[in-house]
Amino acid sequence: MLGMIEGPTGAAGQAWDSIRAGLRRDLGARTFDTWLKAAALTGFDAEEGGVTLALPTPFMASWVETHYRERLLHAWRAHLPLVRHVRIEAGLADGTRPALFIPAAEPAPEPAEPEPAEPGTAFPEPVLEARYTFEAFVVGKANEVAYNAARTLAEGGQLGFNPLFLHGATGLGKTHLMHAIGHEFRRRSAKARIVYMSAEKFMFEFVAAMRAKDTYSFKQRLRSADLLMIDDVQFIAGKDSTQEEFFHTMNEIIASGKRLVITADRSPQDLEGIESRILSRLSWGLVADVNMADFELRLNIIAKKLEGLPHVHVPDEVVLFLAKRIASNVRELEGALNRVVAYAALSNRPIDIAFVEETLTDVLRAHQRRITIDEIQRKVSDHYRIRQAEMMSARRAREVARPRQIAMYLAKQLTPRSLPEIGRRFGGRDHTTVIHAVRQIEKLRKADAELDADVRLLLRQLEA
């Protein structure tokens with residue numbers, strides 16, 4: 001029989017208060033306030049071992065379900081071991097806490113710990129993000145080769161390359177592709193043995209195995225995998241014993257016809273502190289880069305994300321604004337969109353350009369395009385039809401000196417570089433020369449309309 005209790009009370013309510021405090025401490029106030037502060041405990045079934053949490057909107061419920069359900073389950077089990085599952089739902093439209101229904105039944109006994117499996121009888125399941133699938137990956141020119149290679153490897157047929165080496169900067173989709181490979185490989189072969197880990201975890205587990213004098217179990221688990229995936233291999237740079245084990249593991253996997261996927265933040269040729277024999281093996285397979293997403297791909301990524309949010313209205317001009325302003329990192333682009341949608345739901349405000357600029361002030365400032373002195377010199381040289389080397393030369397002829405002064409002026413206006421540093425980039429000139437150039441161009445802009453027009457044009461081109 002169910003009894004209605006106003007607000008979360010009893011053991012469940014006390015546990016929830018402690019869990020909330022722990023999450024705020026571990027995640028940080030900003031993340032907690034954005035996603036979990038509004039969560040309310042709305043149900044606790046001691047007999048079934050179930051907890052129900054509710055959030056104000058379907059979007060927030062979906063986000064918490066995807067990103068924090070496992071963390072919430074572990075936290076609940078730490079406080080109440082009888083909890084076996086956590087349900088997350090939408091239903092707090094007004095943000096208030098509804099009444100809490102708690103069964104009057106006696107708490108169920110704590111489930112017994114499962115007996116440990118005999119060595120070699122079970123293969124640990126890889127921890128793969130459910131949302132990182134091939135279907136959720138948006139393909140464009142920047143990642144097309146990597147995507148097709150990943151798909152080919154995951155489908156399990158005849159393979160013309162091994163290993164697959166994916167490289168690119170942080171947040172461009174390498175890890176997404178690795179998880180997608182794991183999901184597809186498992187779907188096609190339910191009994192396949194899959195290992196996914198970061199290179200850092202590889203190192204820690206190997207060192208721990210050496211200290212425990214049990215490297216055999218570590219080697220057996222990795223080398224018996226049908227699919228081995230190692231993320232961010234650059235982290236084992238300079239670790240000699242780890243690299244030795246990594247090399248032999250690679251050899252064993254490749255020689256036995258198993259599949260190997262490795263990622264790094266740069267190509268094999270650019271990795272430093274990695275043994276040449278490892279780099280040679282990495283280069284044997286297919287090396288595919290994941291480049292920065294172009295404008296069209298960023299638009300498609302936002303569109304794909306919004307397909308999963310049919311209740312959210314994001315105007316086209318906002319989509320264009322986000323795709324244009326957040327250009328370096330797909331992960332940050334998705335995170336920015338998530339923040340905008342969440343803040344709009346929490347504040348009950350429409351999503352427009354002004355709201356986005358207010359919500360993403362720090363993100364937009366960090367993504368302002370960084371203009372370099374070299375870029376300025378190149379643009380000014382092209383405009384005035386002189387060689388870029390003239391910017392660093394000692395020539396004082398007017399057709400060279402004036403463009404050089406304009407370039408110094410623009411460097412002062414558009415970069416954070418100090419005057420001495422700007423001077424050094426213009427052939428080792430003194431900072432007083434830069435000051436003179438800046439003052440001269442400021443004066444000439446007021447008196448010379450043609451020069452002022454040139455400077456305005458160059459500013460627009462550099463800031464575009």
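Analyst: Helices (H or I, at least four residues) and strands (E, at least two) are DSSP runs, numbered from the N terminus. The model is a predicted one, in which local features need pLDDT of at least 70 and side-chain atom pairs count only at pLDDT 80 or more, while totals for chains, interfaces and linings use all residues. Residues are numbered from 1 along each chain as its sequence is written, and side-chain values use heavy atoms, with hydrogens and water left out.

User: How many helices and strands does the protein have?

Analyst: The DSSP runs defined above are the elements being counted here. The total comes to 19 helices and ten strands.

User: What is the average pLDDT of the protein, and what share of the residues score at least 70?

Analyst: pLDDT is the predictor's confidence in each residue, on a scale from 0 to 100. For this protein the average is 82, and the share of residues that score at least 70 is 89%.

User: Over residues 1–9, how many contacts does the model have beyond near neighbours in sequence?

Analyst: The pLDDT over this stretch is below 50, and a contact means heavy atoms within 4.5 Å. Residues 92–121 also stay under 50, with 55 contacts beyond four places in sequence. For residues 1–9, the number of contacts beyond near neighbours in sequence is 21.

User: Which helix gives the largest share of the lining of the largest pocket?

Analyst: On a 1 Å grid over the protein atoms alone, a pocket is an open set of points with protein on both sides within 12 Å along at least five of seven lines, whereas a cavity is a set where a 1.4 Å probe fits but cannot get out; lining residues have an atom within 4 Å of a point. The largest pocket holds about 950 Å³ of space, where points are joined across faces, edges and corners and the volume is the space filled by probe spheres set on them. Its lining takes at least two residues from each of helix H3 (58–79), helix H5 (174–188), helix H10 (295–307) and helix H12 (330–347). The largest share, six residues, is supplied by H3.

User: How many charged residues are in the lining of the largest pocket?

Analyst: Asp, Glu, Lys and Arg count as charged; Ala, Val, Leu, Ile, Met, Phe, Trp, Tyr, Cys and Pro as nonpolar; and the others, Gly among them, as polar. The lining has 15 nonpolar and 14 polar residues, and the charged residues number six.

User: Is Leu 177 buried or exposed?

Analyst: Buried means under 20% relative accessible area, exposed means over 50%, and partly exposed lies in between (1.4 Å probe, protein chains only). Leu 177 sits in helix H5 and, leaving aside neighbours within four places in sequence, is in contact with residues including Phe 134, Phe 137 and Tyr 147. Because its relative accessibility is 0%, Leu 177 counts as buried.

User: What separates the C-alpha atoms of Gly 49 and Val 83?

Analyst: Gly 49 is in the loop between strand E2 (40–45) and strand E3 (50–55), and at 0% relative accessibility it counts as buried. Leaving aside neighbours within four places in sequence, Gly 49 is in contact with Leu 82, Val 83, Arg 84 and His 85. Although Gly 49 and Val 83 are 34 residues apart along the chain, their C-alpha atoms are separated by 4.2 Å.

User: What is the angle between the planes of the aromatic pair formed by Trp 16 and Trp 76?

Analyst: Rings of Phe, Tyr and Trp (its six-membered ring) pair if their centres lie within 6.5 Å, and planes under 30 degrees apart count as stacked, over 60 as edge-to-face and the rest as tilted. A search of the whole structure finds six aromatic pairs. The Trp 16 and Trp 76 pair is stacked, with 6.0 Å centre to centre and an angle between the planes of 5°.

User: Which loop holds Pro 163?

Analyst: Most residues other than glycine have a negative phi, and most peptide bonds are trans. A cis peptide bond, with omega of about 10°, joins Asn 162 and Pro 163. The loop that holds Pro 163 lies between helix H4 (144–154) and strand E6 (164–167).

User: What is the relative accessible area of Arg 385?

Analyst: Arg 385 has a positive phi of about 55° although it is not a glycine, and the loop between helix H15 (373–384) and helix H16 (398–414) is where Arg 385 is found. Arg 385 is exposed, because its relative accessible area is 75%.
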